[in-house]
Amino acid sequence: MFDKLKSVEDRYEEINKSLMDPAAVSDNKKYTALMRELKNLSPVVEKYREYTKSKDAMDEAAALLAEGGHDREFREMLDTEITENRRKIEEVTQELTILLLPRDPNDDKNVIVEIRGGAGGDEAALFSAVLYRMYSMYAEARRWKCEILTANQTGLGGYKEVSFSLEGDGAYSRLKFESGVHRVQRVPETESQGRVHTSTVTVAVLAQAEEVEVEINPADLQIDTYRAGGAGGQHVNKTESAIRITHLPTGLVVECQDERSQHKNKDKAMRILRSRLYEKMQREQADKIAGERKLQVGTGDRSERIRTYNFPQSRVTDHRINFTLYKLEQMLNGDLDELLDALITYDQAEKLQASAGNV
């Protein structure tokens, strides 16, 4: 491990030198790639330097102690220094082990989140709107940019379906475990008997793919325009601004009608299509690799029930890690870090166990 850490530190220094080269700074693409790599290496290098500092201090104290001839007070001071640095080394070594786990290549990507009402009709659509609000408030707290890409709203203010992008530092790394079926148990406003109803909503979190990552042949696309439905007044009846894109080889269909500009609707639809194709490509690739470990906190399958939001008990339970919090209102107002941290920590622990088993 420490040979690897030394090579990481060497690479870190190499990048810093490269960034002093005017040629690297003038090449925007190269500069961005170097800065991204530097950012990823920085936590590892900082922690490794903490380790070497503590180890050097411990070794120096041990050497002094071995020389002998010191008074009792000085020996006690050296013993204390050795003990403290040994504890620090154990702590930092554990942190370094986690930092050296293989990174998800998508962790730095922005995301597209798709929320669809499932079983429960209007109540499911209303909860889709609640989840959209939850994620958008979380994004606001983290200073991410949130943009609705396409939405199919109901008369009661819910969403049959809503897709939106979240752009910001660590968006995918924080939200990647949110894909799956979210179940809600509550008394609907329209329920006169006070009975608790159960509804479901499906969430899919897609890493936003760049054009270079997913090449789409224009000949594979069937693009249809039509008049947008819903609110919009006369504009709706006069302009065929809505876009429907069908990817013929896969049958994937994306519709977008939220913008008045046909060009903007097409751009948004292509972003969604590209991310869906990227996800499909990754899943097929993973299936081909024999024995590949799927995420221990869930496969990301949209049909997997991952969480229950119980309003009468103010309870949120994530079934994959058997984790329960009694702070439903705070979570629905975007306070998600405690739950997301638990999911990430669980996944790291599983990865550590898997890597130890492979040694």
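A: This is a predicted model. First, the setting. The chain has 359 residues, and 41% of them count as buried. Its secondary structure comes to 10 helices and 11 strands. Among contacts with a separation of 6 or more, 62% join residues 24 or more positions apart. The accessible surface is about 20000 Å², with 48% of that belonging to carbon and sulfur atoms.

Five elements are listed here for giving two or more residues to the lining: α1 (2-18), α3 (28-67), α4 (72-99), α6 (171-175) and α10 (337-357). By class, the lining holds 13 charged residues, 11 nonpolar and four polar.

Two loop residues round out the picture of the chain. Arg-143 sits in the loop between α5 (122-141) and β2 (145-153). Its phi is near 60°, a positive value in a residue other than glycine. Arg-143 has a relative accessibility of 78%, so it counts as exposed. Asn-322 lies in the loop that runs between β10 (315-318) and β11 (323-325). Asn-322 is not a glycine either, yet its phi is positive, at about 55°. With a relative accessible area of 68%, Asn-322 is exposed; the cut-off for that class is over 50%.

Technical notes:
Residues numbered from 1 in each chain as written. Predicted model: local features only at pLDDT ≥ 70, side-chain atom pairs only at ≥ 80, totals over all residues. Heavy atoms only, no water. Helix = DSSP H or I, 4+ residues; strand = E, 2+ residues; numbered from the N terminus. Nonpolar A, V, L, I, M, F, W, Y, C, P; charged D, E, K, R; others polar. Buried < 20%, exposed > 50% of the residue type's maximum accessible area, 1.4 Å probe, protein only. Contact = heavy atoms within 4.5 Å. Areas by Shrake-Rupley, 256 points an atom, 1.4 Å probe, with all protein chains shown as cover.
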